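The stops below go from one selection to the next.

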Amino acid sequence: MATTTSRSTIGLALAGGGPVGGIYEVGAMAALAEALDGLDFNEFDIYVGVSSGAFIAAAVANRLAPGSLARMLVEDDTEEVFDPEMLLRPALGEYFRRALSVPVLFWTALRQYLSDPWHLRLIEAFQGLSHAIPTGVFNNAGIDQLLRRLFSSGGRSNDFRQLDHRLFIVATDLDTGESIPFGAPGYDDIPISVAVQASAALPGLFPPVLIGERYFVDGALIKTLHASVALQEGADLVLCINPLVPFDSRLAARRTPPQGNLALAPDHLVEGGLPVVLAQTFRAIIHSRMRTGMERYRLEFKGKDVVLFEPTRDDVDMFFTNVFSYRGRRRLCEHAYQRTRSELYRRRHELRPILERHGIGLNLGVLKDHSRSLLSHKRRPDLATSAAALESSLHDLEIWLQARQR
């Protein structure tokens with residue numbers, strides 16, 4: 001394993017997951033920032049972001065602290081409020097451009113059919129009309145506009161080359177399927193905001209983003225996390241946050257006592273209709289791919305440490321939260337904060353030696369303070385924090401009993 005004789009190079013890799021994933025990542029980062037001594041989230045050497053993780057990574061690389069980001073995303077007491085509804089604006093320009101092509105496509109298809117009606121089926125002749133289907137339903141240009149404003153004040157920058165630390169925003173070249181790390185030499189001359197817009201352009205939902213003469217779509221199309229970018233850049237330790245995991249409804253149903261929004265989870269996910277089925281399918285595919293990547297990192301980058309944080313598979317709140325609800329966003333951010341605190345404490349024996357190799361301490365005093373809350377101004381325990389306190393106390397008791405028996 002890695003041994004540290006000088007200051008370690010630290011990286012942060014954030015996966016995608018839409019608005020839900022971004023808010024989860026902010027809550028998780030806030031918990032990590034509090035509990036990891038000797039680590040400043042605005043002073044990482046390398047930041048890598050994909051899709052919604054690109055939005056968060058760009059903000060943190062621009063010296064927006066996790067706590068400030070949490071308030072910006074879910075509170076209304078700052079001037080820089082992110083409204084997820086900006087992602088639901090119709091892509092009217094795309095609709096209009098495609099509509100203009102319909103007459104030409106129609107008459108071309110009709111002439112083709114009439115030229116050989118005995119051998120050419122009607123559906124084959126008019127297949128060309130599919131070119132008029134819009135490439136995206138919604139317009140995500142609001143991401144570029146929001147980040148341009150956000151990075152134009154407070155000592156921030158929308159230029160990769162002017163940042164104090166290295167930032168990489170990964171998008172996929174639509175025509176070649178190649179992953180492009182914007183921020184790397186040769187790809188660092190475009191605005192950060194445009195790179196984030198491209199990285200978050202999920203095919204079918206948002207139109208591809210034109211940069212120069214190339215079209216780009218979601219960076220998660222090829223890889224889920226792209227932690228390898230940080231490792232290839234020399235990172236000794238990479239902290240990774242992946243907000244999307246497949247949901248296990250049977251495991252959630254067995255959980256005792258019920259927590260969160262368990263009543264919202266159907267016995268079978270098919271009861272939730274097409275959106276739930278697609279969400280589960282998407283999560284299963286990207287999570288399987290990410291796990292394969294994590295195993296490859298261990299073989300390809302021996303001597304490097306990669307630490308992953310993600311929700312559990314029975315996390316009902318994470319799977320069923322309506323991120324467009326203010327209450328839902330606020331609850332999810334707090335939920336991610338508390339869950340990550342619990343995970344840090346549960347994994348403390350595993351994580352402590354890894355972190356110490358890189359000069360980072362795990363503050364158990366912070367983790368045992370169950371009155372802590374991310375967004376509430378009044379530090380008082382709720383059901384979730386009380387359950388976490390009970391769980392950690394029982395775990396400590398179990399270890400003590402095992403030691404006594406030995």
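This is a predicted model: local features need pLDDT of at least 70, side-chain atom pairs count only at pLDDT 80 or more; totals for chains, interfaces and linings use all residues.

Which residue forms a salt bridge with R331? Residues are numbered from 1 along each chain as its sequence is written, and side-chain values use heavy atoms, with hydrogens and water left out.

D317 is the partner of R331, with 3.5 Å between the closest N and O atoms. A salt bridge here is a side-chain nitrogen of Lys or Arg within 4 Å of a carboxyl oxygen of Asp or Glu. R331 lies in helix α13 (residues 326-346) and D317 in helix α12 (residues 316-320), 14 residues apart. Helices (H or I, at least four residues) and strands (E, at least two) are DSSP runs, numbered from the N terminus. D317 is buried at 6% relative accessible area, while R331 is partly exposed at 31%. Buried means under 20% relative accessible area, exposed over 50%, and partly exposed in between (1.4 Å probe, protein chains only).

Next, select D305 and R357, a salt bridge with closest N and O atoms 3.2 Å apart. D305 sits in strand β9 (residues 305-309), and R357 in the loop between α14 (348-356) and β10 (361-362), 52 residues away. D305 is buried, at 3%.

Then select R63 and E43, whose side chains meet in a salt bridge (2.7 Å, N to O). Both are partly exposed, R63 at 42% and E43 at 30%.

Finish on helix α1 (residues 18-35).

Technical notes:
The expected span of a helix is 1.5 Å times one less than its number of residues.
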